[in-house]
Amino acid sequence: MKTILNVIWLVLSGFWLALGYVLAGIICCVLIITIPFGIASFRIAGYALWPFGRTTVERRDAGAGSMIGNVIWIIFAGWWLALGHIVTGLVLCVTIIGIPFGIANFKMIPISLMPLGRDIVPTDEPFATR
């Protein structure tokens, strides 16, 4: 079932959202100081491409650096990526078939705003929600 949902997701919105994250990652990797943001963006691009069967969890070893980085991320890239999720989610919620995919888009907004200090794990992995 996860595979079917992921294929439909890929066709409806996953490809374009992942492309947005890859574009943000390339822009962030241009400057040396923003390479960690680029890596986080590439990691989220994989999640945006194939989200069903995976979830995000907070990293216990994330500290103040992640918080400062998230504030910088929100200002420069997170705002635009979250806006893309909102618009795509609203468009998908227009049809009955698209409602689950719209809700999935809304669930991706927190990681698009604050990606540092979070890991993407399979949902069937033991202790994935810890």
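How are α3 and α4 oriented to each other, roughly parallel or roughly antiparallel? I shall open with that question, and then turn to the core and to a few individual residues. Please bear in mind throughout that this is a predicted model.

Helix α3 covers residues 64-92 and helix α4 covers residues 99-107. They pack at an angle of about 165°, and their axes are 7 Å apart. Angles over 145 degrees count as roughly antiparallel, and α3 and α4 are therefore roughly antiparallel to each other. As to handedness, the crossing in which α3 passes α4 is left-handed.

Which residues make this contact? On the side of α3 they are His85, Ile86, Thr88, Gly89, Leu90 and Leu92. From α4 come Ile99, Phe101, Gly102, Asn105 and Phe106.

Let me move to the interior. As a general background, nonpolar side chains in soluble globular proteins tend to be buried together. In the present model, the largest nonpolar core has 21 residues, of which Trp9, Tyr21 and Trp73 touch the most other members. At least two residues of this core are supplied by each of α1 (2-30), α2 (35-49), α3 and α4. The largest share, six residues, is that of α2.

Setting aside residues up to four places away in sequence, Trp9 touches Gly14, Leu17, Ala48, Leu49, Pro51, Phe52, Phe101, Ala104, Asn105 and Met108. Among these partners, Phe101 and Asn105 also belong to the α4 side of the contact with α3.

I now come to two positions within α3. Ser66 is found in this helix. Is Ser66 buried or exposed? With a relative accessible area of 17%, Ser66 is buried, since buried means under 20%. Apart from its neighbours within four places in sequence, Ser66 is in contact with Leu116 and Gly117. Leu83 also lies in helix α3, but it counts as partly exposed, at 32% relative accessibility. Leu83 and Ser112 are 29 residues apart in sequence, and their C-alpha atoms are 9.3 Å apart in space.

Finally, I turn to Gly53, which is found in the loop between α2 and β1 (54-58). Gly53 touches Lys2, Val121, Pro122 and Thr123, with residues up to four places away in sequence not counted. Gly53 and Gly65 are 12 residues apart in sequence, and the distance between them in space is 29 Å, C-alpha to C-alpha.

Technical notes
Residues are numbered from 1 along each chain as its sequence is written. This is a predicted model: local features need pLDDT of at least 70, side-chain atom pairs count only at pLDDT 80 or more; totals for chains, interfaces and linings use all residues. Side-chain values use heavy atoms; hydrogens and water are left out. Axes are lines fitted to C-alpha atoms, for helices over the stretch in contact, and angles run from 0 to 180 degrees between N-to-C directions. Helices (H or I, at least four residues) and strands (E, at least two) are DSSP runs, numbered from the N terminus. Angles under 35 degrees count as roughly parallel, over 145 as roughly antiparallel, 65 to 115 as roughly perpendicular and the rest as oblique. A crossing is left-handed if the near helix is turned anticlockwise from the far one by less than a right angle, and right-handed if clockwise. Contact means heavy atoms within 4.5 Å. A nonpolar core is a set of buried Ala, Val, Leu, Ile, Met, Phe, Trp, Tyr and Cys residues joined through side-chain atoms within 4.5 Å. Buried means under 20% relative accessible area, exposed over 50%, partly exposed in between (1.4 Å probe, protein chains only).
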